[in-house]
Amino acid sequence: MTELEKMQRAKMYMDKLANGINTLNDLPAAESDVINNIRISRCLFYVSDILRQVIESNGIQSKEKSTKKPFFLSVDSRKQFSFSATPISISETTKRINDLVDVDRYKKLKHTDITSWLIEINALEVCSTADGTTVKRPTEQGKALGISTEKRIGRNGEYTGVYYNREAQQFILDNMDTVIATISDKSAAKPENQGLPWIPAHEECLVDLFQKNVPISEIAATLSRTETGIRDKLKKMGLIEHRSDAK
């Protein structure tokens, strides 16, 4: 593994941790978990952004950005996809796709690119759990495509995961052009957390930054949301009465 690949992996873990995700099983961490502490979360966001800048400079701390083209997978390459006869996670599915990509020329596909698209076509839905966290689950349409849930045992005990059988893997491959088009449409730098439910750690961070008079633009960048989304949340929390209250 190259140093750049190590940094990419490190950033992946940082992003998950910063968003309150347990990196061992890709499930939301408990609210009491240390990674949901506001100070830790802010530090993780900061480190993730530093890694992003270095990665975009091909591993060199430089202002020159990466010249890699957006993710692309040729039709011929898709034919080489290694299907799994047993259901696999979306992370594993994405990994097998990226194994076919010329990573020296093209950016890798993110598993969130696929799940976001599946949510858009109503194959997946975001559900709230009893403890207030959110998880993705297949809809009836998704189940018909071959997406299912299954209880498995991880390092931290039993958990419920979402898995994709061979038919579901084929469905993703057959619609790769649509996935790529969706990525392109969103490449206008749509904030990563735009439209996602708020978690307690992010709400605490929002309140903390707002009370310290941090500009809305900087708060939006820190929490990976739009300025409109930040103002709307502040209004719902009773911290501002009008959008003009927060410059």
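Analyst: A residue counts as buried under 20% relative accessible area, as exposed over 50%, and as partly exposed in between, for a 1.4 Å probe and protein chains only. At 32% relative accessibility, Asp 26 is therefore partly exposed. The model is predicted, so local features need pLDDT of at least 70 and side-chain atom pairs count only at pLDDT 80 or more, while totals for chains, interfaces and linings use all residues. Residues are numbered from 1 along each chain as its sequence is written, and side-chain values use heavy atoms, with hydrogens and water left out.

User: Where is Asp 26 found, and what is the value of its phi?

Analyst: Helices (H or I, at least four residues) and strands (E, at least two) are DSSP runs, numbered from the N terminus. Asp 26 belongs to the loop between strand 1 (21–22) and strand 2 (27–28). Its phi is near 60°, a positive value in a residue other than glycine. Ser 224 also has a positive phi, of about 55°, although it is not a glycine. Ser 224 sits in the loop between helix 10 (216–222) and helix 11. With a relative accessible area of 19%, Ser 224 is buried.

User: Which residues does Leu 118 touch?

Analyst: Contact means heavy atoms within 4.5 Å. Leaving aside residues up to four places away in sequence, Leu 118 touches Ala 123, Leu 124, Ile 147, Tyr 164 and Phe 171.

User: Is Gln 169 buried or exposed?

Analyst: Gln 169 is buried, because its relative accessible area is 0%. This residue has its place in helix 7. Beyond residues up to four places away in sequence, Gln 169 touches Phe 81, Phe 83, Ser 84, Thr 86, Ile 88, Thr 93 and Tyr 164. Ser 184, in helix 8, is partly exposed at 48% relative accessible area. The C-alpha atoms of Ser 184 and Phe 71 are separated by 9.0 Å, although the two lie 113 residues apart along the chain.

User: How is strand pairing read, and in which sense do strand 5 and strand 6 pair?

Analyst: Two strands pair if DSSP finds at least two bridges between them. Strand 5 (residues 147–154) and strand 6 pair in the antiparallel sense over 8 bridges. Ile 147 has Tyr 164 of strand 6 as its bridge partner. A hairpin of 2 residues joins strand 5 to strand 6.

User: How many bridges link strand 3 and strand 4?

Analyst: Strand 3 (residues 124–128) pairs with strand 4 (residues 134–138) over 5 bridges, in the antiparallel sense. Leu 124 is bridged to Pro 138 of strand 4. These strands form a hairpin with 5 residues between them, and Gly 132 in the turn has a positive phi of about 90°.

User: What describes two packed helices?

Analyst: They are described by the angle between their axes and the distance between the axes. Axes are lines fitted to C-alpha atoms, for helices over the stretch in contact, and angles run from 0 to 180 degrees between N-to-C directions. Angles under 35 degrees count as roughly parallel, over 145 as roughly antiparallel, 65 to 115 as roughly perpendicular and the rest as oblique. The axes of helix 9 (residues 200–211) and helix 11 (residues 227–236) are 11 Å apart, and these helices pack at an angle of about 90°. Helix 9 is therefore roughly perpendicular to helix 11. Glu 203, Leu 206 and Phe 210 in helix 9 meet Ile 230, Lys 233 and Leu 234 in helix 11.
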